[in-house]
Amino acid sequence: MADPKTAKKGAGTGEPETASRVFSGMQPSGEAHLGNYLGALRQWVRLQDDHECFFCIVDQHAITGEFSPEELPARVFDLAVSFLAVGLDPERSTIFVQSDVAEHTELAWLLNAVAPVGELERMTQYKDKSARLESIPAGLLNYPILQAADILLYQATAVPVGEDQLQHLELTREIARRWNGRFGQLFPEPRPILSDAGRILGLDGNAKMSKSLGNTVGILAEPEQVWDRVRTAVTDPQRVRRDDPGRPEVCNVFSLHKHFTEPDRIPDIAGQCRAGTRGCVECKKILSDSIADHFAEARARAAELRDDPREVYRILEEGAERARQEARSTIRQVRERMGMDWASRRPD
Ligand code: TRP
């Protein structure tokens with residue numbers, strides 16, 4: 001019998017014995033905001049403790065929506081600073097930019113052989129985004145194929161995602177199954193690790209927090225800037241006058257308190273709101289201070305990195321180099337299985 005203390009996880013259970021490999025990606029929309037942090041980054045930081053992690057800035061996905069070639073490089077850089085500032089650790093994780101590893105697009109193309117158009121057309125994100133457009137770029141439809149390529153290229157087994165990406169992950173699993181069925185087992189079917197944050201609403205209290213909606217608070221904002229943003233937050237609409245009783249359970253400011261304000265202050269904040277003894281402005285001020293305090297260390301780290309941008313470039317270059325090694329090994333096998341290795345069969 002294997003000693004349970006030293007036996008690897010999954011030993012003898014039919015599960016793979018290797019620790020799970022994590023891949024996740026984020027679009028380069030510049031400095032991260034609270035939604036990015038609560039919905040993803042915070043969890044990515046924790047996953048580093050017991051997983052081999054790949055974290056990717058997916059700039060090639062950005063071209064499927066509105067983007068500016070002039071601004072894209074700065075947005076990639078700023079997101080990288082946010083990654084590092086909150087504690088993604090290049091010593092433990094592979095942190096890189098998608099376009100630095102050409103194999104992502106190569107695999108995406110090869111996966112076209114098995115990716116079903118019907119499924120692509122059924123994706124909610126595709127339906128939502130394409131409905132607003134007169135002319136739909138093919139990239140918008142094919143977006144999940146590139147996402148599948150991101151994940152499968154590293155043979156990742158677990159993918160931390162928000163609720164809204166579960167459908168894309170299910171499609172990734174389907175693509176992996178079909179490819180394995182046709183060309184032989186190679187890709188594990190990655191399982192989702194669902195973020196524990198739920199849906200993080202923007203300051204409008206209405207829509208998901210998102211840069212394009214202008215309802216965000218940047219995680220690296222200075223305390224005054226945090227206040228400038230938080231003071232605009234929408235609270236319980238039924239509370240018109242300061243001493244009206246409020247409903248913390250419907251107030252988005254209160255739900256943010258739960259993430260950033262010390263837990264032992266939360267009952268008081270809810271109680272004063274219900275009793276109408278603390279006004280919304282004051283309540284927001286407390287939230288603003290909590291947020292600014294929470295990210296004080298990250299701000300300091302970001303300032304150091306901005307003073308030394310070469311360090312950020314170095315980290316991303318090293319990350320890309322490490323990612324490329326993995327990517328090359330997978331793509332070599334994919335090419336072989338798909339008959340794209342004719343050159344290696346040249347007779348001597
Ligand atoms: N589509 C994801 C999002 O919008 C970003 C993404 C791209 C991703 N490739 C990925 C997430 C691979 C997880 C794994 O959030």
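## Salt bridges

This predicted model holds 28 salt bridges. Let's walk through a few of them, starting with a pair that spans separate parts of the chain. Glu282 forms a salt bridge with Arg242, and their closest N and O atoms are 3.1 Å apart. Glu282 belongs to helix 12 (residues 280-294), while Arg242 sits in the loop between helix 9 (223-230) and helix 10 (252-260), so this pair ties together parts that are 40 residues apart in sequence. As for solvent, Glu282 is partly exposed, with a relative accessible area of 41%, and Arg242 is partly exposed too, at 47%.

Glu321 is partly exposed, its relative accessible area being 33%.

Elsewhere, salt bridges with shared partners link Glu170, Arg173, Glu174, Arg177, Arg178 and Glu189 into one network.

## Around the ligand

Now to the ligand. The residues around it are Phe23, Ser24, Gly25, Val58, His61, Tyr143, Gln147, Asp150, Ile151, Val159 and Gln165. Sorted by class, this shell has 5 nonpolar, 5 polar and 1 charged residues.

Several side chains in the shell come up against ligand nitrogen. In Asp150, a side-chain N or O atom is 2.7 Å from a nitrogen atom of the ligand. For Gln147, the corresponding distance to a ligand nitrogen is 2.9 Å, and a polar side-chain atom of Gln165 lies 3.0 Å from a nitrogen atom of the ligand. On its own, the ligand has 360 Å² of accessible area, and the protein covers 87% of that.

## Elements that build the shell

Which elements give two or more residues to the shell around the ligand? They are strand 1 (21-26) and helix 7 (138-153). Helix 7 gives the most, with 4 residues.

Notes: Residues numbered from 1 in each chain as written. Predicted model: local features only at pLDDT ≥ 70, side-chain atom pairs only at ≥ 80, totals over all residues. Heavy atoms only, no water. Salt bridge = Lys/Arg side-chain N within 4 Å of Asp/Glu carboxyl O. Buried < 20%, exposed > 50% of the residue type's maximum accessible area, 1.4 Å probe, protein only. Near = heavy atom within 4 Å. Polar contact = N/O pair within 3.5 Å; in protein donor to acceptor, adjacent residues only side chain to side chain. Areas by Shrake-Rupley, 256 points an atom, 1.4 Å probe, with all protein chains shown as cover. Nonpolar A, V, L, I, M, F, W, Y, C, P; charged D, E, K, R; others polar.
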